[in-house]
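Hello,

Here is the structure for you to look over. My notes follow below it.

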Amino acid sequence: REVEVEEAGRHSVSVNLHLDLVALTWSAWDKSTEIGIRDENMEICGANGHRAVRATHGFERGVWYFEVVLTSLPAGAAVRLGLASSNALVQGPVGFDAYSYGVASASGLRFHRSRGEHYCS
């Protein structure tokens with residue numbers, strides 16, 4: 001539901017969200033001011049550190065999955081993908097507080113409350 005984009009110099013990182021069963025896009029209003037949205041709210045990009053954007057729809061229960069396509073990721077860039085409640089900060093990385101969980105693409109660490117632990121390679 002939320003994607004955080006980490007700074008990689010002055011490069012941008014673009015992420016597309018695809019969820020075919022629900023009319024879901026990135027939220028143009030529930031995001032960090034540092035995140036840009038284009039392509040009818042289906043693509044985000046940013047280059048200024050730990051920032052986040054939420055999707056237009058949330059969920060409370062059930063089994064869900066989402067797929068994210070990284071369309072460009074410059075050398076040295078990283079993306080943190082995760083889930084967050086509406087209370088999570090969008091001006092910080094996903095996994096920063098008690099309201100979000102995230103996985104870092106560069107390290108494979110999963111984060112919650114700013115604590116990282118090995119999750120994948």
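First, the term for the charged pairs: a salt bridge is a side-chain nitrogen of Lys or Arg within 4 Å of a carboxyl oxygen of Asp or Glu. Now the ground rules. This is a predicted model, in which local features need pLDDT of at least 70 and side-chain atom pairs count only at pLDDT 80 or more, while totals for chains, interfaces and linings use all residues. Residues are numbered from 1 along each chain as its sequence is written, and side-chain values use heavy atoms, with hydrogens and water left out.

Overall picture

The chain has 11 strands and 0 helices. Both are DSSP runs numbered from the N terminus (helices: H or I, at least four residues; strands: E, at least two). Along the sequence the pattern reads β-β-β-β-β-β-β-β-β-β-β. Of the 121 residues, 39% are buried. Buried means under 20% relative accessible area, exposed over 50%, and partly exposed in between (1.4 Å probe, protein chains only). The chain exposes about 7100 Å², and carbon and sulfur atoms supply 52% of that. Accessible areas come from the Shrake-Rupley method with a 1.4 Å probe; for residues, only the protein chains shown count as cover. Contact means heavy atoms within 4.5 Å. Among contacts between residues at least 6 apart in sequence, 57% join residues at least 24 apart.

Salt bridges

Side chains of opposite charge can pair when their charged atoms come close. The whole structure holds 3 salt bridges.

- Arginine 54 pairs with aspartate 30, with the closest N and O atoms 2.8 Å apart. Arginine 54 sits in strand 6 (residues 51–55) and aspartate 30 in strand 3 (residues 26–31), so this pair ties together parts 24 residues apart in sequence. Arginine 54 is buried at 4% relative accessible area. Aspartate 30 is partly exposed at 25%.
- Glutamate 43 pairs with arginine 38, and here the closest N and O atoms are 2.8 Å apart. Glutamate 43 is buried at 13%, whereas arginine 38 is partly exposed at 39%.
- Glutamate 117 pairs with arginine 110, with the closest N and O atoms 2.5 Å apart. Glutamate 117 is partly exposed at 43%. Arginine 110 is partly exposed at 36%.

Serine 100

Serine 100 belongs to strand 9 (residues 100–104). Is serine 100 buried or exposed? At 2% relative accessibility, serine 100 counts as buried. A polar atom of its side chain lies 2.7 Å from the backbone nitrogen of glycine 95. Leaving aside neighbours within four places in sequence, serine 100 is in contact with Leu83, Ala84, Ala88, Pro93, Val94, Gly95, Phe111 and His112.

Positive phi

Most residues other than glycine have a negative phi. Two residues to check against that background:

- Asparagine 41 has a positive phi, near 65°, and is not a glycine. Asparagine 41 is in the loop between strand 4 (36–38) and strand 5 (43–46). Asparagine 41 is partly exposed, with a relative accessible area of 25%.
- Serine 114 is not a glycine either, yet has a positive phi of about 65°. Serine 114 falls in the loop between strand 10 (109–112) and strand 11 (115–118). Serine 114 is partly exposed, at 42% relative accessible area.

Best wishes

Key: A polar contact is a pair of N or O atoms within 3.5 Å; within protein, one must be able to donate a hydrogen and the other to accept it, and residues adjacent in sequence count only if both atoms are side-chain atoms.
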